[in-house]
Amino acid sequence: MQYTSLGNTGLNVSVAGLGCGGNSRLGLGTGGTDAQAVAVVQAALDMGVNFLDTAEAYGTEHVVGQAVAARRDKVVISSKCRIRMGAGLISGAEAVKALDNSLRLLKTDHVDVYHLHAVAPANYDHAMKELAPALLREKEKGKLRHLGITETGPNDPKQEMMARAVAEPPWEVVMLAYSMMNQGARRAILPTAKKRGVGTLLMFVVRNIFSRPDALKQAMADLAAAGEVPAELAKSDAPLSFLVHEGGASSLTDAAYRFARHEPGVDVVLFGTGRQEHLRANIESILRPPLPEADMQKLRDLFGTLVGVGLDLPDRVQAKAKA
């Protein structure tokens with residue numbers, strides 16, 4: 001495993017971080033048991049992963065708590081609270097209550113990074129004025145070590161909220177969407193984070209667009225029709241096949257992880273899985289060298305100006321929204 005500093009927090013973290021949400025939710029999202037999910041977390045820890053990212057909304061905090069009980073001091077835990085309850089925004093007191101519940105489920109007296117979860121641009125001022133002050137008071141009590149904020153990629157494709165958050169206190173860590181087809185953060189957000197010492201966690205690095213050929217083909221057809229990518233990409237059954245070659249990537253998933261991992265300003269690349277056999281492959285991709293420069297440049301030339309591509313919500317969230 002390779003390790004790095006998470007911004008200026010002083011936390012030494014694995015560059016590969018286990019995301020405990022997404023479609024898999026450590027396997028709980030596909031019918032797995034708590035015991036199987038615990039085994040996935042522990043297998044990741046055995047492979048050197050020391051950064052675990054969970055959330056109130058994921059329903060996996062209790063699994064993380066069970067998995068790390070015997071080695072809490074060797075693990076960096078990131079969790080989050082929703083900022084909406086029903087139709088309204090939560091109060092500072094409700095944010096503190098959510099933090100306390102997370103600590104109970106995680107079986108710990110503190111969380112290393114605590115985020116406000118999926119903050120939309122319209123709700124950022126509320127996060128700053130009402131929620132952050134309440135949580136900073138809990139930080140003084142030792143309940144959290146660092147305060148963070150995460151964006152809602154599908155609902156904020158231009159990353160307007162994150163552009164504000166990364167440039168000002170009190171946010172010490174941020175979580176943002178970045179991928180081969182969604183490169184906007186490299187122009188301003190990641191450079192600002194690097195300059196200010198804000199820790200960065202990448203999500204949406206691998207989504208359906210890279211793991212499901214039909215999703216990629218449909219996306220290319222839509223983008224070509226809109227004049228955003230060359231027409232020949234829409235005609236190909238494997239439009240990103242140029243990435244897979246001797247000396248290049250072994251698969252699109254491998255390419256996606258390596259593309260994100262080596263972008264300046266990136267600290268941790270999050271990956272999710274519910275199957276132990278996928279752990280090693282994901283980790284190995286994140287630890288591999290950068291893609292060949294010619295492939296990187298082609299990706300920048302083809303997709304560098306795209307906005308909000310490949311930012312699909314987890315399947316369960318999409319299904320709920322359509323219900």
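**Exercise 1. Locate Ser24, classify its burial and list its contacts.**

Step 1. Ser24 is in the loop between strand S3 (16–19) and helix H1 (34–46); helices (H or I, at least four residues) and strands (E, at least two) are DSSP runs numbered from the N terminus. The model is predicted, so local features need pLDDT of at least 70 and side-chain atom pairs count only at pLDDT 80 or more, while totals for chains, interfaces and linings use all residues. Residues are numbered from 1 along each chain as its sequence is written, and side-chain values use heavy atoms, with hydrogens and water left out.

Step 2. Ser24 counts as buried because its relative accessibility is 15%; buried means under 20% relative accessible area, exposed over 50%, and partly exposed in between (1.4 Å probe, protein chains only).

Step 3. Apart from neighbours within four places in sequence, Ser24 is in contact (heavy atoms within 4.5 Å) with Gly29, Thr30, Gly272, Thr273 and Gly274.

**Exercise 2. Describe the nonpolar cores and the contacts of Phe303.**

Step 1. A nonpolar core is a set of buried Ala, Val, Leu, Ile, Met, Phe, Trp, Tyr and Cys residues joined through side-chain atoms within 4.5 Å. The largest one has 90 residues, and those with the most contacts inside it are Leu18, Leu116, Leu240 and Phe303. H1 gives the most to this core, with 7 residues.

Step 2. A second, separate core of 15 residues includes Val13, Val173, Ala177 and Phe204.

Step 3. With neighbours within four places in sequence left aside, the contacts of Phe303 are Met180, Met181, Gln183, Met220, Val229, Leu233 and Leu240.

**Exercise 3. Characterise the backbone at Pro170, Ala118 and Gln159.**

Step 1. Pro170 lies in the loop between helix H5 (160–165) and strand S10 (173–177). The peptide bond that joins Pro169 to Pro170 is cis, with omega near 10°.

Step 2. Ala118 belongs to strand S8 (residues 111–119). Its phi is near 55°, a positive value in a residue other than glycine. Ala118 counts as partly exposed because its relative accessibility is 33%.

Step 3. Gln159 lies in the loop between strand S9 (144–151) and H5. Phi of Gln159 is near 60°, again positive in a residue other than glycine. At 5% relative accessibility, Gln159 counts as buried.
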